[in-house]
Amino acid sequence: MRQSDLKSFLDEKVDQFNRPDFIENDPIQIPHQFSRREDIEIAGFFTAVLAWGQRATIINKSKQLMTLMDDAPFEFMVNHNDVDLNRFDFFTHRTFNNTDCLYFIHVLSKLYRSGRSLEDLFLPDENAAHIESGLVRFHQLFFSEEDFPKRTKKHIATPARNSACKRLNMFLRWMVRTDSKGVDFGIWERISPAQLICPCDLHVERVARKLRLIIRKQLDWNAALELTANLRLFDQDDPVKYDFALFGLGVEEKY
C-alpha cells in the first residue's frame, strides 16, 4: 500500500474509532467517571497499571479499586489514615496484589500531600524529541523510596530495560492528547502530543506488522520507537492518534 493510501486509510479509521462511544467498552471509562484533574490522573494511572487481560475484567477490577478509595481517589490519597488501608488487604488483579497496591498508594499520597502532580514525575528532558527520558525518570522517582517492595518493580516498565512501556504510554496518551472527540483528556500541557510514543499491545502490534509499520522482530522499546516514527510520517504533531486506528482494526475488525 502506498504511503498516501495508508495515511488515508488510517485517518479514516481514526475518525471511526476516536469518538465518545469508544469510551463505553474501554478502560478509559474509569477516569471518565471523574471531573477533577487529580481524580482523573489517579484513576487513569491505576487503570493503566491494571490493564492486563480482557477489557471487561480490567474495567471491573479498576471499578473495585476506585470503590475502595470511596470513589474519590484524590481525597483518599491526601486524607486516609492507616486503618483505611486495611480495606486493600485482599485486592488482587493477576500478579498485582495488596503489597503493590499499598506501595502505589504510599507514593501517590506523599506526592499529592506535597502539592505536586503525577505530571511532574513524567516530564522529559528539555527539548527532548520524545518521552523516553520522562519514562526513565518516572521509574527512578517512583522507586526512590527506601525499602520499596522489590516485587512491585515489575508493574512499572522503563525504556532503560528496553520495555515497550505499553501501559504507561497508554496512560500518557489519555492525559496528554487533546482534540474535539472527547475520548482523551488533554489535561497535561507540559508534555506535547508530538513527544508521545504509541502504546504497543498485541492487537496494535499485529496490525502494525501487517501494515509494515513495525519491522523489528522483538516487541520492545525500539519497536515502539519504530512504529511511532512511521506514524509521524502521517502526522508529526499527533502521531499517537493512530493508536485508535490500529487498536480498532485489531480488536473491532479483527484486521
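Start with helix 8. Its buried residues pack against helix 2, helix 6 (118-122), helix 7 (132-142), helix 10 (221-232) and helix 11. Contact here means heavy atoms within 4.5 Å. Helices are DSSP runs (H or I, at least four residues), numbered from the N terminus.

Before going on, note that this is a predicted model: local features need pLDDT of at least 70, side-chain atom pairs count only at pLDDT 80 or more, and totals for chains, interfaces and linings use all residues. Residues are numbered from 1 along each chain as its sequence is written, and side-chain values use heavy atoms, with hydrogens and water left out.

**Stop 1: helix 8**

Select R167, L168, N169, M170, F171, L172, R173, W174, M175 and V176; these are the buried residues of helix 8. Buried means under 20% relative accessible area, exposed over 50%, and partly exposed in between (1.4 Å probe, protein chains only). Ten of the eleven residues of helix 8 are buried, so the rest of the structure largely encloses it.

The charged end of R173 sits over the ring of F244, 4.2 Å from its centre. For this label, NZ of Lys or CZ of Arg must be within 6 Å of the ring centre and within 35 degrees of the ring normal.

**Stop 2: the largest pocket**

Where is the centre of the largest pocket? Select A51, K166, D201, L202 and F247, the closest to its centre of the 34 residues that line the largest pocket. The volume of this pocket is about 700 Å³.

The pocket search uses a 1 Å grid over the protein atoms alone. A pocket is an open set of points where a 1.4 Å probe fits, with protein on both sides within 12 Å along at least five of seven lines; lining residues have an atom within 4 Å of a point. Points are joined across faces, edges and corners, and volume is the space filled by probe spheres set on them.

Now colour the lining by helix. Helix 2 (37-49), helix 3 (55-68), helix 8 (166-176), helix 9 (202-210) and helix 11 (242-251) each supply at least two residues to the lining of the largest pocket. Which helix gives the largest share? Helix 8 does, with six residues.

Then colour by class. The lining of the largest pocket holds 22 nonpolar, five polar and seven charged residues. Ala, Val, Leu, Ile, Met, Phe, Trp, Tyr, Cys and Pro count as nonpolar; Asp, Glu, Lys and Arg as charged; the others, Gly among them, as polar.

**Stop 3: the second largest pocket**

Select V107, K110, L111, S114, R116, L121, L141, S144 and E145, which line the second largest pocket. About 190 Å³ of space lies there. Helix 5 (residues 98-113) gives the most to this lining, with three residues. By class, the lining has four nonpolar, two polar and three charged residues.

**Stop 4: aromatic pairs**

The whole structure has 23 aromatic pairs. Rings of Phe, Tyr and Trp (its six-membered ring) pair if their centres lie within 6.5 Å; planes under 30 degrees apart count as stacked, over 60 as edge-to-face and the rest as tilted.

Show F45 and F46. This pair is edge-to-face, 6.2 Å centre to centre, with 65 degrees between the planes. F45 is buried at 0% relative accessible area, and F46 is buried at 1%.

Next, F234 and Y242. Their ring centres are 5.8 Å apart and their planes at 75 degrees, so this pair is edge-to-face. F234 is buried at 8%, and Y242 at 0%.

**Stop 5: the loops**

Go to the loop between helix 7 and helix 8, and select D147. D147 has a positive phi of about 60 degrees although it is not a glycine. Most residues other than glycine have a negative phi. Is D147 buried or exposed? D147 is exposed, at 70% relative accessibility.

Show F148 and K150. K150 lies over the face of F148, at 4.7 Å from the ring centre.

T158 is also in the loop between helix 7 and helix 8, but T158 is buried, at 4%. Leaving aside neighbours within four places in sequence, T158 is in contact with L135, V136, H139, S163 and C165.

Move to the loop between helix 9 and helix 10 for R212. R212 has a positive phi of about 65 degrees, though not a glycine, and is exposed at 61%.

Finish at N86, in the loop between helix 4 (73-79) and helix 5. N86 is partly exposed, at 46%.
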